[in-house]
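Here are a few notes to read with the structure open beside you. Take them one at a time and find each spot as you go.

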Amino acid sequence: MTNQEKLTQAFCDALGIGPDQVKDDLQYNTIKEWDSTAHMVLISELENTFDVMLDTDDIIDMSSVAKAKEILAKYDVSF
Amino acid sequence: MTSQAYQDRYEQLLAQDMYSLNTAEKEGALLPVIQALHQHHKLHSPAYSRLVQHYRDQPDTIEDVPFLAVRLFKLFSLSSISDDDVFRVLQSSGTTSQTPAKVILDRITSARQSKALVKIMQNFIGKQRLPLLVIDAPSVLKNKALSARAAGIQGMAFFGRQTVYALNDDMTLNTDALNSFQKLYADQPVLVFGFTFMVWTCFLEALKAQKLSLSLPHGALIHSGGWKKLTDKQVDNPTFKREVTRLTGIPRVHNFYGMAEQVGTVFVECEQGHLHVPEMADILIRDPYSLAVCENKTQGLIQVISSIPTSYPGFSLLTEDVGRVLGQDDCSCGRSGKYFEVLGRLPKTEVRGCSDTQVSV
Ligand SMILES: [Zn+2]
């Protein structure tokens, strides 16, 4: 799987949404599936998928799918 | 729409370290943000605009900033956004005998609250996420109306890596959860978070009653919600800390003060036991009769000023809490800015903790 596919899968598993919904401009708290509780599930899903440790700055900055890629890029996960 | 001038200035403020400016520099950084908020709410909240109609156009100093009685938020649903933009409504009290305050949040104000809480807390507990023990029951988050208690837990959950709840839904100790938490994490830093009164009653007293104790020697406890009910039980902060350390082994305890009407704007207790004012907020102490600003060390009503809210006009509130400023820019913990203490509540006002603590004795 490519990193993009892995990312999409992580969002789908954590938020319980379909792959077609995982677009770069999808934003935190704009759909009911991505609320603050699901956000923490998403964070651990991303950590497990990409084997990274995200800190509290990363969590509050991760406001969209695009932002998630940007943050993961800091940890050498490229898209 | 939130004014761009406000947004830019707020971002600048938040980008800084929260405790590096001295009091004079800090007023210079904070005042333009507060002025922009004053204009924003005059424009978007008819109620606010009426309340301040006899004020001059713009406050020239932080002391000049108009303030609303916190009680207004219990009487009225004050909003600066259209109904379509309401993201959630925060209720400060869950019990029926008390009037809950209603705080109207849009997405951006809610996001600012979370970010500010994280920025401020990072200064005390670091950026890393740690195993988190929440002194509450998991069901607290299930209520549809967001309580101040749930909002506090959600905010702190950002610091958690594995979150474990210490209580069962009937508020008894979940000893299995506690045992496994201790077994896994006794040798590493952990965070423990709860509301002051619940930490005392449902956790510390429950441990004592069951002759149990924990060993979390690398832990830090963060707690909030007010001392009123503990003062009634003759429990002060030193007693609280001593019992925490004795029963759980946790050496670091940080209380924080904050209003449910200003979630995210928190005043955290430093290693010296002082509540510190971060750069994105301010505290003024006012004489309860004249409402003039008191000198340092003189008791009065606490006014809280926050740079966060654009969805409701609650950026400057006169609380019913009594406190005093202890000093500024010279705390031996090294943080700049004002530091203060909270001494209790104004007598004869409706009793209400900062959080809607469920348990009452
Ligand atoms: Zn200090």
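1. A quick term before we start: four donors count as tetrahedral if all angles lie between 85 and 135 degrees. Keep in mind, too, that this is a predicted model.

2. Now find the zinc ion. Which protein atoms are its donors? They are SG of C270(B), NE2 of H276(B), SG of C331(B) and SG of C333(B), lying 2.1 to 2.3 Å from the zinc ion. The angles that these four donor atoms subtend run from 100 to 116 degrees, so the arrangement is tetrahedral.

3. Along the chain, the zinc donors follow the spacing C-x5-H-x54-C-x1-C. One pair links distant parts of chain B: H276(B) sits in strand β11 (residues 275-276), while C333(B) is in the loop between β14 (316-328) and β15 (338-345), 57 residues apart.

4. H276(B) counts as buried because its relative accessibility is 0%, whereas C333(B), with a relative accessible area of 23%, is partly exposed.

5. Next, hop over to helix α2 (residues 36-50) of chain A. Just after α2(A), D51(A) takes a positive phi of about 55 degrees.

6. Buried residues of α2(A) include H39(A), M40(A), L42(A) and F50(A). What covers the buried residues of α2(A)? The cover includes α1 (3-15), α3 (56-61) and α4 (65-74) of chain A, along with α6 and β6 (160-165) of chain B.

7. Last, look at α6 (residues 148-157) of chain B: this helix is mostly covered, with ten of its ten residues buried. Among them are R149(B), I153(B) and M156(B).

Terms used: Residues are numbered from 1 along each chain as its sequence is written. Chains are lettered from A and ligands numbered from 1 in the order in which they are written. This is a predicted model: local features need pLDDT of at least 70, side-chain atom pairs count only at pLDDT 80 or more; totals for chains, interfaces and linings use all residues. Side-chain values use heavy atoms; hydrogens and water are left out. Donors are N, O and S atoms within 2.8 Å of the metal (3.2 Å for Na, K and Ca); water is not among the atoms, so sites may look incomplete. Four donors count as tetrahedral if all angles lie between 85 and 135 degrees; four count as square planar and six as octahedral if opposite donors are over 155 degrees apart and all others between 65 and 115; anything else is irregular. Helices (H or I, at least four residues) and strands (E, at least two) are DSSP runs, numbered from the N terminus. Buried means under 20% relative accessible area, exposed over 50%, partly exposed in between (1.4 Å probe, protein chains only). Contact means heavy atoms within 4.5 Å.
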